[in-house]
Amino acid sequence: MLMLKLERAVNRVSDLFGMIAAVLFVLLLFNVFYDVLSRYVFNDVSIAMQEMEWHLFALMFLLGVPFTLRADAHVRVDILYDRLSLRRRAWIDLAGTLCLLLPFCLLVGWYGVGFAHESFLLGETSGDPGGLPYRWLIKAAIPFAFFATALSGFGLALKSINTLRGQSLADLQGDRT
């Protein structure tokens, strides 16, 4: 039961990242609407608002990845995978997570911390006049998102292990009633 509860907790965190990504999408829509309106109706251009568009897009994408992994909506060769038994799929997910996903996410996350820290120490800002300050904030989102994806990958590994053990979150739900 501990493994199932841990899987559920990790899934909740991944779901939270998905909700944040959805809110960021709405904010991005409002930002683009404002930017287009101010440009074409009021003939006013804001560099900061244009930069905010790619900041919001980057955050939306980076925080959407852990949710996509948790929702099993990531890219995969489904032609082969879907034809396999549940146990074989669990073995593939477990091996892929442990051998590919987690090492990659942890490596990018580890080096991304230094990348963001250097930007913070330099006081890096936008190169454009009127652009956004604190460029380190968006750079810090990179390692954060990769660590979040690693956490979601850990949840996928737990799901695979639970599947191989013959358990699922549905068992935990049924145990509660």
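## The largest pocket

Helix α4 provides the largest share of the lining of the largest pocket, six residues. Helices here are DSSP runs (H or I, at least four residues), and strands are runs of E, at least two, all numbered from the N terminus. This is a predicted model, where local features need pLDDT of at least 70, side-chain atom pairs count only at pLDDT 80 or more, and totals for chains, interfaces and linings use all residues. Residues are numbered from 1 along each chain as its sequence is written, and side-chain values use heavy atoms, with hydrogens and water left out.

A pocket is an open set of points on a 1 Å grid over the protein atoms alone, where a 1.4 Å probe fits, with protein on both sides within 12 Å along at least five of seven lines; lining residues have an atom within 4 Å of a point. The volume is the space filled by probe spheres set on the points, which are joined across faces, edges and corners. Of its 14 lining residues, L69, H74, V75, R76 and L156 are closest to the centre. Two or more lining residues come from each of α2 (47-70), α4 and α5. By class, the lining has seven nonpolar, five polar and two charged residues. Nonpolar covers Ala, Val, Leu, Ile, Met, Phe, Trp, Tyr, Cys and Pro, charged covers Asp, Glu, Lys and Arg, and the others, Gly among them, are polar.

## The second largest pocket

This one has a volume of about 260 Å³. It has 17 lining residues, with D72, D93, L156, K159 and T163 nearest its centre. At least two residues each come from α1 (2-40), α2, α4 and α5, and α5 gives the most, with six. The lining counts six nonpolar, five polar and six charged residues.

## How α4 and α5 pack

The axes of α4 (residues 86-122) and α5 (residues 135-164) come within 7 Å and cross at roughly 160 degrees. Therefore α4 and α5 are roughly antiparallel to each other (angles over 145 degrees count as such). Their contact has 27 nonpolar, eight polar and four charged residues.

## Annotated spans

The unreviewed UniProt entry annotates residues 12-34, 54-73, 94-116 and 136-158 as "transmembrane region"; such annotations may be inferred rather than shown by experiment. Residues 136-158 are 100% helix, with end C-alpha atoms 33 Å apart.

Methods
Axes are lines fitted to C-alpha atoms, for helices over the stretch in contact, and angles run from 0 to 180 degrees between N-to-C directions. Angles under 35 degrees count as roughly parallel, over 145 as roughly antiparallel, 65 to 115 as roughly perpendicular and the rest as oblique.
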